[in-house]
Amino acid sequence: MGSVDQMQALFSTLSGAKVFDLAQAYEVGMPQSPNHPIYQHSLVRRHGDVVRSDGGSAANDWIVTGVHVGTHIDALCHVSQDGFLYEQVDAASVTTAKGFTQFGIERVPPFIGRGVLLDIAGLRGVDILQPGEAVTAGDLDAACVRQSVSVTKGDALLIGTGWAEHWTNRAMYEGKHGGAPGPDVSAADWIIDHGVRLAGGETIAFEQILPGGGHATLPVHRRLLVDEGINIVETLRLTDLISANVSEFMLVVIPLKLTGATGSPVRPIAVVPA
């Protein structure tokens, strides 16, 4: 098949496809981890502040944000264990004032591939998991059976907890006191055993956060980022995918090329063929 035929076949496949936006909107005051700089946005030039000779004018603004605020992806340099990053690279040896010389987010290629959503809230017969509730390896197995789907090597795995429904309740969403649902270490091992390339969920931290525990320890981050080199996407909005009973899709996740950065904002999309 020639290149023109291949392109026509591709466009034919995507014709009528439904696109799901999986990102939360960035806005001042949105929920976020207290460990990271807050998101700030301000208009610095208004229409009319400067007017061109032909009457035209332009407005512009600036943003200041931590790279782990809003819907974002973690780079492998984000977490260390006992002073070491992925592949036992000494963290101090690759740290500079301008960021990391190894495992920065600019080295993470765009992900365009098969995505699988496992709806754990649906598995439990609820809309939203309880604060501090664990998602276990057994849950992931059971969800695969319930949804008649498999997770294979190279896939992206998204775990639905319903937590995105709490987005407008900052105190609840952040889980400072009550905790937040998420995968435990058994689920992390399941993700590793199935060869998952990218993992993500709806909470600020892709972890089971116990009531009052905060982000004191992040064992799932350690297993995925440090031990296995699996990137994590957090603060996703999976509501529409869950409502549409979608389990499989083409997922597109493209980090910004922020040299030496520990993460990047992303706007993931799920494409479901007609």
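Leaving aside neighbours within four places in sequence, which residues is Ala121 in contact with? The structure is a predicted model, in which local features need pLDDT of at least 70 and side-chain atom pairs count only at pLDDT 80 or more, while totals for chains, interfaces and linings use all residues. Residues are numbered from 1 along each chain as its sequence is written, and side-chain values use heavy atoms, with hydrogens and water left out.

Ala121 belongs to helix H2 (residues 120-123); helices (H or I, at least four residues) and strands (E, at least two) are DSSP runs, numbered from the N terminus. Beyond the excluded neighbours, Ala121 is in contact (heavy atoms within 4.5 Å) with Val126, Asp127, Ile128, Leu129, Gly160, Thr161 and Gly162. Because its relative accessibility is 1%, Ala121 counts as buried (under 20% relative accessible area, with exposed over 50% and partly exposed in between; 1.4 Å probe, protein chains only).

Turning to the sheet, nine strands form an open arrangement with mixed pairing, in the order S1-S15-S13-S7-S9-S11-S12-S4-S14; two strands pair if DSSP finds at least two bridges between them. Strands S1 (18-21) and S14 (263-265) stand at the edges with a single partner strand each, so one side of each has no neighbour in the sheet. Within the sheet, S13 (residues 248-253) and S15 (residues 269-272) run antiparallel and are joined by three bridges, with Val252 opposite Ile269 in S15.

Helix H6 (residues 219-228) has Val220, His221, Leu224, Leu225 and Val226 as its buried residues. Their cover includes strands S4 (72-74) and S12 (231-234) as well as helix H5 (185-193). Just after H6, Gly229 adopts a positive phi of about 70 degrees.
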